[in-house]
Amino acid sequence: MTDQGQMPPFAAHIKRTTGETAVDLQLRLRGTGEANLDFPVPFLRHMLHLFAVHGRFDLTIQATGDVDVDDHHLVEDIGLSLGQALYQALGSKRGIRRYGERHTPMDETLARAVVDLSGRPAFVLQAAFPAQRVGSFPTELVAEFFKSFAYDGRFALHLAVLYGDNTHHMIEALFKAAAAALREAVSADGDAVPSTKGVLA
Ligand SMILES: [Mn+2]
C-alpha cells in the first residue's frame with residue numbers, strides 16, 4: 001500500500017448554476033451535524049437535516065429552482081452537488097476507512113445502506129414505496145436523488161428497504177442509514193490510501 005497524496009480537506013464548497021437551478025452547497029465531513037437548509041422542497045429539507053445529524057456532517061445549502069415545473073430538477077441537482085462536494089472533500093482519500101454499512105430501523109421499517117468510496121460510481125436501490133407521494137414530494141425522486149449523489153460522488157451506494165409499511169418511515173430510514181454508513185466510511189483509519197492500487201480516484 002502506497003501513501004500518495006495529502007490528507008483530505010474534509011470540506012468543500014460547490015456552486016452550480018444552470019438554466020433550471022442554482023445550488024450553493026457547503027459540506028464538512030467529521031463535523032457536528034449542523035444543517036442550514038434553504039430551498040423550496042420541504043420533505044428533502046427534512047431528509048437532509050437528519051442526514052447531516054446522523055452523518056455528523058455540517059451541511060449548508062441555499063438553492064432555488066424551477067419547482068413550479070416539478071421538484072425533479074432541483075432534487076437531482078442538490079444530489080449531484082452533494083456528490084461533488086463529497087468527492088472534493090475526500091481528496092486523496094488518505095486515512096479514511098473507505099467502507100461503511102448500517103442497518104437503521106424506523107418503527108416497523110428496516111433499511112440498509114452499504115457504501116464503498118471507491119472512486120467508481122454505482123447505485124442500487126431495492127425498495128417498493130407503497131405511496132407515490134410523501135407530503136408533496138414524489139417518492140420516485142428518492143432514487144433520483146441518491147443516484148445523482150452516488151454518481152457525482154463517484155462511490156458505490158447500495159440501499160435497500162428490507163421491510164416496512166409506511167413510506168415516510170422507509171425513506172427516512174434510508175437517509176439515516178446512508179448517513180451513518182458514510183460517517184463510518186469517512187472516519188479515520190490509519191494514514192494510507194485504503195487500496196492495494198494505492199489510488200482511489
Ligand atoms: Mn420524519
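What share of the 201 residues in the protein chain is made up of buried residues? Buried residues account for 43% of them, where a residue is called buried if 20 or more other C-beta atoms, placed from the backbone, lie within 10 Å of its own, exposed if 12 or fewer do, and partly exposed in between. The structure is a predicted model, in which local features need pLDDT of at least 70 and side-chain atom pairs count only at pLDDT 80 or more, while totals for chains, interfaces and linings use all residues. Residues are numbered from 1 along each chain as its sequence is written.

The protein chain contains four helices and ten strands, which are DSSP runs numbered from the N terminus (helices are H or I, at least four residues; strands are E, at least two). Along the sequence these elements follow the pattern β-β-β-α-β-α-β-β-β-β-β-α-β-α. The radius of gyration of the protein chain is 16 Å, close to the 17 Å that the globule rule gives for 201 residues, so the chain is as compact as a globular protein of that length; the radius is taken over C-alpha atoms, and the rule is 2.2 Å times the number of residues to the power 0.38.

The largest nonpolar core has 60 residues, and those with the most contacts inside it are Leu27, Ile78, Leu174 and Ala178. Such a core is a set of buried Ala, Val, Leu, Ile, Met, Phe, Trp, Tyr and Cys residues joined through C-beta atoms within 7 Å. Helix 4 (residues 167-185) gives the most to this core, with twelve residues. When residues up to four places away in sequence are not counted, Leu27 touches Ala11, Ala12, Phe57, Leu59, Leu82, Ala85, Leu86 and Ala89, a contact being a pair of residues whose C-beta atoms, placed from the backbone, lie within 7 Å.

Strand 2 (residues 21-28) pairs with strand 4 in the antiparallel sense over eight bridges, two strands being paired if DSSP finds at least two bridges between them. In this pairing, Ala22 stands opposite Thr64 of strand 4. Strand 3 (residues 35-38) runs parallel to strand 4 and is joined to it by four bridges, with Leu59 as the bridge partner of Ala35. Strand 4 (residues 58-65) itself has a covered face, formed by Leu59, Ile61, Ala63 and Gly65, and an uncovered one, formed by Asp58, Thr60, Gln62 and Thr64. In a regular strand the side chains alternate between the two faces of the sheet.

An open sheet of four strands has the order 5-6-10-7, with mixed pairing. Strand 5 (99-106) and strand 7 (122-126) stand at its edges, each with a single partner strand, so one side of each is left without a neighbour in the sheet. Strand 6 (residues 109-116) and strand 10 (residues 156-163) run antiparallel and are joined by seven bridges, and Asp116 stands opposite Ala156 in strand 10.

Helix 3 (residues 141-153) lies across strand 7 and strand 10, running at about 155° to strand 7, where axes are lines fitted to C-alpha atoms, for helices over the stretch in contact, and angles run from 0 to 180 degrees between N-to-C directions. Helix 3 is mostly covered, with ten of its 13 residues buried, among them Phe145, Phe146 and Phe149. Its buried residues pack against helix 2 (72-90), strand 7, strand 9 (137-138), strand 10 and helix 4. Just after helix 3, Arg154 takes a positive phi of about 55°.

Key. Contact = placed C-beta atoms within 7 Å.
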